Amino acid sequence: MNNVKWLRSQYMPCFPLGDNHSRITECERHVQLSRRAAAEGSVLLKNTNHLLPFQKGTKVAIFGKAQIDYVKGGGGSGDTNVSYTRNIYQGLKLKEGHVKIFDPLSFYYQNYVNNQYENGAKIGMFDEADVPTDLLAQTKEYTDTAIICICRYSSENEDRRNDGTDTYFYLTEQEQKMVKTVSENFTKVVVLLNVGAMIDTSWFYQNEKISSALPSAKS
């Protein structure tokens, strides 16, 4: 057990054990390797109309609190110690030369998530938000392309249930409502999953209005 403990210490990002006392798992070389592996290793779960990759200049609207409420890891031993995280919205903003984002919608979710955190909500463990009718109308005027973001937080005794109310594996009623709204109002729809374990995928696989789906990269 002691050998395992000391071996593990070599890979803790807070310990300067690399060249020139650098932090091995958070050095720039490893950060760039992680980003490249995430980009090249992403697997399309669905892409029936070849919507992905987006063409340069594509205007997109991002739906779902998960674009802000980003889950970087699980609870307990599933957690990770990192110096920074980027949520889905921030990550897409870095690619703004390639895609253009309807910021007012994302700002709405940002305010909603901040309010939830301030009132004691845990990351990845609170309800989806309803989008106001006027904001939805403005979004439709901006683009016909939408990204639906779904997240899940995993931890012991805090995710799966066996009582018929497993809202980890299945979409919640609020999430179903969001998916229905987006599917009915946008002709091009992508699903982005920020999850740490298996979830039901029949809702987008069987929905012809949803063109593409993929898991989000953790970086």
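Guide: Welcome! A polar contact here is a pair of N or O atoms within 3.5 Å; within protein, one must be able to donate a hydrogen and the other to accept it, and residues adjacent in sequence count only if both atoms are side-chain atoms. This is a predicted model, where local features need pLDDT of at least 70, side-chain atom pairs count only at pLDDT 80 or more, and totals for chains, interfaces and linings use all residues. Residues are numbered from 1 along each chain as its sequence is written, and side-chain values use heavy atoms, leaving out hydrogens and water.

Visitor: Which backbone nitrogen does the side chain of D69 reach?

Guide: D69 sits in the loop between β2 (58–63) and α3 (88–93). Its side chain makes a polar contact with the side chain of Y117 at 2.6 Å. At 2.9 Å, the side chain of D69 also reaches the backbone nitrogen of G124.

Visitor: Is D69 buried or exposed?

Guide: Contact means heavy atoms within 4.5 Å, and D69 touches residues including V113, I123, M125, F126, C151 and N194, not counting those up to four places away in sequence. Buried means under 20% relative accessible area, exposed over 50%, and partly exposed in between (1.4 Å probe, protein chains only). Because its relative accessible area is 0%, D69 is buried.

Visitor: From which residue does a backbone oxygen lie 2.6 Å from a polar atom of the side chain of T143?

Guide: Look in the loop between α5 (133–142) and β4 (145–151), where T143 lies. With 8% relative accessibility, T143 counts as buried. Its side chain reaches the backbone nitrogen of T145 at 3.0 Å. The backbone oxygen at 2.6 Å from that side chain belongs to K59.

Visitor: What is the bridge partner of V60 in β3?

Guide: Helices (H or I, at least four residues) and strands (E, at least two) are DSSP runs, numbered from the N terminus. Six strands form an open, mixed sheet in the order β1-β6-β5-β4-β2-β3, with β1 (46–47) and β3 (99–101) as the edge strands, each pairing on one side only. Strands pair if DSSP finds at least two bridges between them. β2 and β3 are parallel over three bridges, and the partner of V60 is I101.
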